[in-house]
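Please read them alongside the coordinates.

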Amino acid sequence: MSTAVVVEAPGRHRLVAHEPRDPGPGEALVRVHSVGVCGSDREVYQGNRPEGYVRYPLVPGHEWSGTVERVGAGVPESLTGRKVVGEGFRNCQVCDRCHAGETTLCTAGYAETGFTEPGAMAPTLTLPARLLHPLPDGADLTAAALLEPAACIAAAALKANARPGERVAVVGTGTLGMFAVQFLAAGSPAELLVVGSRPDREALSRQFGATGFRTKDQELPGDFDVVIETAGSADAARTSAVLLRRGGRLVLTGIPAPGATGLDPTDLVVRQLEVHTVFGAPPEAWAHTVRVFGAGLLDPLPMVTHELQLAEFSRALELVGSGDPKVGKVLLHP
């Protein structure tokens, strides 16, 4: 019997029998290959997700890859059999923000696969076909399961607009940080510094294109053109600002705990820093990610350290929250 994970309420989950939902008009049914587990999945399980950004009971899973099995009316049959990944935000398509391509700011309200809509911790996932991004036929679907976090960082890289020859830096050495290194390295920077709290991530950072590595307690330079922050703490945000030259560009992607103190507004104004933030990935960032992945410039697999079966959901959450430096990306296979 095929099963799905259902989080019934904070701290409570069970495995339930799974029946695929036939795709309706404009929809596709995807056979899930792999689904990633991240900190936001732990938030869902623990009940720490901000109000309005989760709806129980819920099948989690917003990072996934799979193959289209069936399509509904109005969807090209040629999509059947294609390897795909998919956007999470269920935008309305008609508001001014959606028309501008800023689907993560849809004014119709927040709705996202794996948080308010059924996710991919199940053998199949049925969703609007317009959200799908086909992959090359030879794509590795295990690696492709990490393209959702990669797309979020692609959004940051596009906002940073780092130009060849600029000095760039990444703060944070988790999955998002390592993707940021790869995206920035592809832009031919003069220097690419990684700053983190884990010295064991230096080798992987350099493998992905970093030219320097420092821990946050070491003396840091202050003349970078672009910094992307991925660590998700107020301290990381402040460290990122310190790294910038006057007039430099900062993109924040991490979400600190509620009540965190922020950047110094006087410092931002006096140094004329340009600050951007990213929450999720719009279509442009997804398309960019899939192109970069297809071109072989994005390598997610070195970040995967554990692959488990769907029934091991509890174990996956324990690994993600363990703080063990040997734990990287955890994937589940339905």
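1. At 12% relative accessibility, Thr253 counts as buried, where buried means under 20% relative accessible area, exposed over 50% and partly exposed in between, with a 1.4 Å probe and protein chains only. This is a predicted model, in which local features need pLDDT of at least 70 and side-chain atom pairs count only at pLDDT 80 or more, while totals for chains, interfaces and linings use all residues. Residues are numbered from 1 along each chain as its sequence is written, and side-chain values use heavy atoms, with hydrogens and water left out.

2. Thr253 sits in the loop that runs between β12 (244-252) and α8 (265-270); helices (H or I, at least four residues) and strands (E, at least two) are DSSP runs, numbered from the N terminus. A polar atom of the Thr253 side chain lies 2.7 Å from the backbone oxygen of Glu229. Apart from neighbours within four places in sequence, the residues in contact with Thr253 (heavy atoms within 4.5 Å) are Ile153, Ala156, Leu176, Ile228, Glu229, Thr230 and Val278.

3. Helix α7 (residues 234-243) is largely enclosed by the rest of the structure, because seven of its 10 residues are buried. Among them are Ala234, Thr239 and Leu243, and the cover over the buried residues of α7 includes β8 (167-171), β9 (191-196), β11 (224-229) and β12.

4. Strand β1 (residues 3-9) is likewise largely enclosed by the rest of the structure, since five of its seven residues are buried. β1 pairs with strand β2 (residues 12-17) in the antiparallel sense over six bridges, pairing being assigned if DSSP finds at least two bridges between two strands. Val7 stands opposite His13 in β2, and in the hairpin of β1 and β2, with two residues between the strands, Gly11 takes a positive phi near 85°.

Terms used:
Polar contact = N/O pair within 3.5 Å; in protein donor to acceptor, adjacent residues only side chain to side chain.
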